[in-house]
Amino acid sequence: MHVDRKLVEWQKAGLLSAGDAAKILAYEGHQTRPYLLYAVGGLGALTIVLGLVAIIASNWESIPGGVKLGVDLVLAAALAVGLVVVDRRGIDWLRETLIALYWGYVLASIGLISQVYHLGGATWQALLLWSGLTFPLVTRSHSNGLATLWILALHTTYFMALEPLVSARHVAEGLVVGLVGLAPLLCLAVATSASVARARPGFHHAFLGLGWIEALAMTSGATFAFYDGPLRSEELGSFATAAAVAAALVVFLMVRAGRLVHGRREAVLPMRVLLALFLVLGYGPILLATRDLELIGALAFIALWAVAAWVGYATHNARVLNLATAVIGVRLIAVYFEVFGSLMDTGLGLVTGGLLTVALTYFWARKRRELASRFDEARTEPTS
Amino acid sequence: MNQRLLLVAVLFPILGLMALIGRAELNLRNGRTWELPISGYDPRDLLSGHYLRYQYRFQWLEGATSCGNGEDIDPDCCLCLQPRPGSREPLVHGVRCEAVEGCLSWLRGRDVAGEQRYFVPAERAAELEHALRDRPASLRVAIGDDATLAVDTLLLDGAPWQGQRIGSSK
């Protein structure tokens, strides 16, 4: 719709001939995916799964357990047959919807079996079984949305599996805290796989996107350990073990940094610096067991996001650049409140913070136009 | 090739679910049947969602080693079950987990320690909560030779709850 309107405008302005406009329309029509169908189909699948979970949770007494399980398996088989038929007919949106529905249905079925047989396992065990049983199914999908949901489910399983390790004291708390930080690095490691990127671009984007979001969020959070370390000194040894694994993963990612920036040479260095910061700022403050280093914490946070902005600039990703600048601005405002103390401290903090924010805004306003043209140029350059 | 992969992908979950059902059914059928006494886990709040929260209350053999009760059961201890004359509830004594040969059935402490859950229908959850608080309750279970514990049903006054009119006491 938006393209149609623009094409009419450009034709009226004499920028485009009717023939060119027709060619563009034909090309865009061919490229467009039925997003509405995908969205409505996905919503329908989600609604059905939630409905099934609610029915199962009600544990309807008048239906014997054996009948419930029989019906459950028949419905699963019907979904499987439907999926194969739809795939053969090439109805992509319905195929993706059925995969999402079947994926959720398997979890509901595991819940039903647990209910009928009063299986007393932990939630993470059910989630792990679900992830294992549906792995081949999910890999058949091309949907970005399902890939994102699937990775989120894997994360939930991972984090839930870590919790009982702490509560049952099977492993040291330090090790578990360190293992939490491996999740985004593992996502990024998967995203560097060329075969995943080639065969399942949706999964590649989901691993990459979630990996970045999580890595930035976790590292940002870890900078607050400069204020007060969360671990006791006897936990630091086990935390160091997890940090060593994280270091190995970061080295692996640094070697393959080019794949994380889609081959942009100028972005490899900032990407490597950012990866190094994930390790240094993500694990360093906790390992050093520092306390009351508020200024260092704030500077580390700003440095992290400044490098993220550098990566955004080098990869011509305006969204990352805008986000990083906004986060730095918000962190600076937070610094004002942190320095509230005596009148002199408050005054100096507000003046310094205000100057930094004005300088940041000035720099941003000046560079905006230059960046926009740089990004536009890059977009029109043929990819080599 | 893609069609074959899809076929495997859609069949795999069904086979997995069938295996899960088969294993649970086998555990229930092949194990030795016992009735294990239980009580509410937290008397102030027995019901959580759609399941009752309970803990095991074992009858420990007098003078023998005990592994504790409810939340205090030692997870590293093993429970040796012996029949009690005139009752389906076993007499229990604690043993080292390497020395369970003489036991008719045995359980790992970690499998029966602390809070346990029993799924109940939403519409009868409240009355079952009251019944668990007010009446002698036990679970009919099947215990395999490898200490696998499969829960069959909740018994109130020694009879399955499904066939009883319990009524809610407010």
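Q: Hi! How many bridges join strand S5 of chain B to S7(B), and which way do the two run?
A: Four bridges join S5(B), residues 78-84, to S7(B), and the two strands run antiparallel. Strands here are DSSP E runs of at least two residues, helices are H or I runs of at least four, and both are numbered from the N terminus. Two strands pair if DSSP finds at least two bridges between them. This is a predicted model, where local features need pLDDT of at least 70 and side-chain atom pairs count only at pLDDT 80 or more, while totals for chains, interfaces and linings use all residues. Residues are numbered from 1 along each chain as its sequence is written, and chains are lettered from A and ligands numbered from 1 in the order in which they are written.

Q: Thanks. What stands opposite Cys78(B) in S7(B)?
A: That is Arg108(B).

Q: And which sheet do those strands sit in?
A: An open sheet of four strands in chain B, ordered S4-S6-S5-S7, with mixed pairing. Its edge strands are S4 (59-60) and S7 (105-108), each pairing on one side only.

Q: Let's zoom out: how many helices and strands does chain B have?
A: Chain B has three helices and eleven strands. Along the sequence the pattern reads α-β-β-β-β-β-β-β-α-β-α-β-β-β. Its C-alpha trace spans about 65 × 50 × 30 Å along the principal axes.

Q: Where does S10(B) go next?
A: Two bridges join S10(B) to the antiparallel S11(B), residues 159-160. This is a hairpin too, with two residues between the strands and a positive phi of about 55° at Asp157(B) in the turn. Leu156(B) stands opposite Ala159(B) there.

Q: New topic: which residues touch the most other members of the largest nonpolar core?
A: Tyr102(A), Ile113(A), Ala308(A) and Leu79(B), out of 126 residues. Helix H5 of chain A (residues 92-117) gives the most to this core, with 15 residues. A nonpolar core is a set of buried Ala, Val, Leu, Ile, Met, Phe, Trp, Tyr and Cys residues joined through C-beta atoms within 7 Å. Buried means 20 or more other C-beta atoms within 10 Å of the residue's own, with C-beta atoms placed from the backbone.

Q: What share of chain B is buried, then?
A: Buried residues make up 31% of its 170 residues.

Conventions:
Buried ≥ 20, exposed ≤ 12 C-beta atoms within 10 Å, placed from the backbone.
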